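Dear colleague,

Please find the structure below, followed by a short account of what was found in it.

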Amino acid sequence: MAVEWSMALGMMLSAFLVAMAGLVLLVAWQSRRPAPAASIFDASPSRVAYLFDGERLVDASPAGRALLPEGEDSRAWARLIARFGSDFPNLSERLEALPRTGQLRISSQAGVAPALILTAELVSGLIRLTVESGQEDRADRGDAATAAALQQEVMAQRAVLSRAPVLMWKEAADGSVIWANHAYLIRAVELLPEGEDLSWPLPKLFAQDPVKGRLPRLKLQMPSGAEWFDLVRMASGDETLCYALAADKAVQAETALREFMQTLTKTFADLPIGLAIFDRSRCLQMFNPALTDLTTLSPELLISRPTLNAFLDAMRAKAMIPEPRDYRSWRKQLARLEEEATMGLFEETWSLPGGQTYRVIGRPHPNGALAFMFEDISHEMSRTRRYRADVELGQSVIDAVEDAVAVFSQGGQLVMSNHAYAQLWQHDPQVLLSEASVSTLCAWWRDHAAPTLLWDDAVDYVTSSGDRTPWEGEVRLLDGRLVMCRFRPLTGGATLITFRVQAAVSFSSVRDTGGVGLLSA
């Protein structure tokens, strides 16, 4: 029994010695570890304190860092001035004097509750800055500074909401207005009956059933005039946040656009020219009533916004485009039509199987659109053909006259001559009508006739204005023929000159008769 006790005691002693050795080693190891760096903010973590190296933030208490707006530490000084500048008067200027004074103590300006005290001092070249409450209870200084900052933020947000130019208000579950900003209250006061004051609950400016999302645009009839608003309602629990966004400029722009479109529509409706506008995808977007009359297409087809190819196919089915020899060439012509219209070069005259004549013009529009104009020029073409036929008939008539004829305009320009004239004077002035003036032709006549002053009188007679008397004279051609020249005024200041050969005498006959023929002439 004694042996067992001695063995147990020995084992306990051995365990104790091992534990003591381990404790000694642990103490020795901990003594060699470097001590953690002491922080000036550990003792009072709720204190609002900062440590700056110049304008760079070195350290800050948790409460102080929470009050400082987020950003880089190298620019923390400017953020601190912006944060506490409204609480302490002339904070930036007074902190600039800290290198000279070494210590600074500033009290918050009147109106800041609770009162705050900002202390700044130089410590080994660093700036140590603290914000404390002016109350005696030092334990609550950090909490008081935090509460003051939160109160300041709430006041700033209230000022922003109250002075916002947008109408804002809050409605309860029953639709009553329980809060409104300054812009809402101004309009509510203006709409009150005379002699009545604003009271609780606040009046509801927009009587609208509460629905989610965006409401229709509403008009608020103010004494100074109508005001338009776009209303937005957002649910917030049992309450509803409401916003009225000014829409006066949008309403004015929409009204101006609507009036312009109405004017444009009326103008298009009165145009005798058919107008078809195709968008970028070549679908018909706009047309006027004249297009229906000119193309004989039904309004239902045009309202369905057909494509350009479908539109032309329908016109071909109505025989309202020139009939090609084959369908393939016609399709190629459509591709060319669209390509040239895109470049602004397309303009054609279509002679339709029904006898009408259309002028078709294609012009590009912004954003890749195309505009086609169809104009019925059948009457114009018939007048042109009739005029051309009259001119050809008149030319045939004077060509049948035996005498040489030349007609000059009031300005002295040759407008007509006949075949006998070309044979008599050996030239055709119709080839160069732009140069066939009376002066030019008189020079030609002078070169092919004996000297005479008749041509000078002819120029004066043709180019003179006012009343003129018919007259005539004779000239001798170089081949010996005597020509009677007659000058007659026409309507509109024009002049008719006729040349009639009086006798056909040649130089050979004069030699054969010894000059008798010339004398007899």
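An open sheet of five strands runs in the order S12-S11-S15-S14-S13, with antiparallel pairing; two strands count as paired if DSSP finds at least two bridges between them. Strand S12 (284–287) and strand S13 (347–351) are the edge strands, each pairing on one side only. On average, neighbouring strands of this sheet are turned by 20° against each other, direction ignored (axes are lines fitted to C-alpha atoms). Strand S11 (residues 274–278) pairs with S12 in the antiparallel sense over three bridges, and Ala276 has Phe287 in S12 as its bridge partner. Helices (H or I, at least four residues) and strands (E, at least two) are DSSP runs, numbered from the N terminus.

This is a predicted model, in which local features need pLDDT of at least 70 and side-chain atom pairs count only at pLDDT 80 or more, while totals for chains, interfaces and linings use all residues. Residues are numbered from 1 along each chain as its sequence is written, and side-chain values use heavy atoms, with hydrogens and water left out.

The largest nonpolar core has 27 residues; Phe408, Tyr421, Trp425, Trp445, Trp455, Cys485 and Phe499 touch the most other members. Such a core is a set of buried Ala, Val, Leu, Ile, Met, Phe, Trp, Tyr and Cys residues joined through side-chain atoms within 4.5 Å, where buried means under 20% relative accessible area (1.4 Å probe, protein chains only). Elements giving two or more residues to this core include helix H14 (419–425) and helix H16 (454–463). H16 supplies the largest share, six residues.

Yours sincerely

Technical notes
Buried means under 20% relative accessible area, exposed over 50%, partly exposed in between (1.4 Å probe, protein chains only). Axes are lines fitted to C-alpha atoms, for helices over the stretch in contact, and angles run from 0 to 180 degrees between N-to-C directions.
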